[in-house]
Amino acid sequence: MIWVGIDTGVNTGMAVWDSKKRELLSLDTVTIDEAIFRVLGLVAEHQDIRIVVEDARLRKWVPDTHDVRKEMARRLGAGSVKRDAKIWEDFLTRMKIPFQMVAPCKGITKWSAGMFESITGCTLRSSEHSRDAAMLVFGRV
């Protein structure tokens, strides 16, 4: 099965995991519209595919920041990310593409490239966003 992880945001993280090969095939950071087009291409190419989207609307915890500027920026960004999650949910539902929306998980995001490589064994070039997307699907069967 092909699993596609989507980390929503202005910079959309996208990762493709092949559960048969047990390998991350790609890691990218793209715009939301480019990610949507790529998902459509992957769906046309693979019959057995599932999309996993990080959905900030499901978050159960809030980062504790004592910096007013950082907190204001976080709140503004949270609205955008929540809107993106809704766009993905509507698109995938309308297109009848199998998907699941998942809550952000504390502790498996914002890893450095070195930490990510040591845990996944993946040496592909990556960004914070693509690594976050990869952790949504890495190891799935």
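Reader: Before we dig in, what does "partly exposed" mean here, and where does F138 fall?
Author: Buried means under 20% relative accessible area, exposed means over 50%, and partly exposed is in between. This is a predicted model, by the way. F138 has a relative accessibility of 28%, so by those cut-offs F138 is partly exposed.

Reader: How are the rings of W17 and F138 arranged, stacked or edge-to-face?
Author: The structure has two aromatic pairs. In the W17–F138 pair, the centres sit 5.1 Å apart and the planes make an angle of 65°. Planes over 60 degrees apart count that way, so this pair is edge-to-face.

Reader: How many residues apart in sequence are the parts that W17 and F138 tie together?
Author: W17 belongs to strand β2 (residues 12-18), and W17 is buried at 3% relative accessible area. F138 is in the segment after α4 (128-137), so the pair ties together parts whose separation in sequence is 121 residues.

Reader: Which helix holds both W88 and F91?
Author: Their rings form an edge-to-face pair, 6.0 Å centre to centre with 75° between the planes. W88 is buried at 0% relative accessibility, and F91 is buried too, at 8%. They are three residues apart, about one turn, and both lie in helix α2.

Reader: On to charges: which residue forms a salt bridge with K110 at 2.5 Å?
Author: K110 lies in the loop between β5 and α3, and its partner is in helix α4, so the pair ties together parts 22 residues apart in sequence. The closest N and O atoms are 2.5 Å apart, and the residue is D132.

Definitions and conventions
Residues are numbered from 1 along each chain as its sequence is written. This is a predicted model: local features need pLDDT of at least 70, side-chain atom pairs count only at pLDDT 80 or more; totals for chains, interfaces and linings use all residues. Side-chain values use heavy atoms; hydrogens and water are left out. Rings of Phe, Tyr and Trp (its six-membered ring) pair if their centres lie within 6.5 Å; planes under 30 degrees apart count as stacked, over 60 as edge-to-face and the rest as tilted. Helices (H or I, at least four residues) and strands (E, at least two) are DSSP runs, numbered from the N terminus. Buried means under 20% relative accessible area, exposed over 50%, partly exposed in between (1.4 Å probe, protein chains only). A salt bridge is a side-chain nitrogen of Lys or Arg within 4 Å of a carboxyl oxygen of Asp or Glu.
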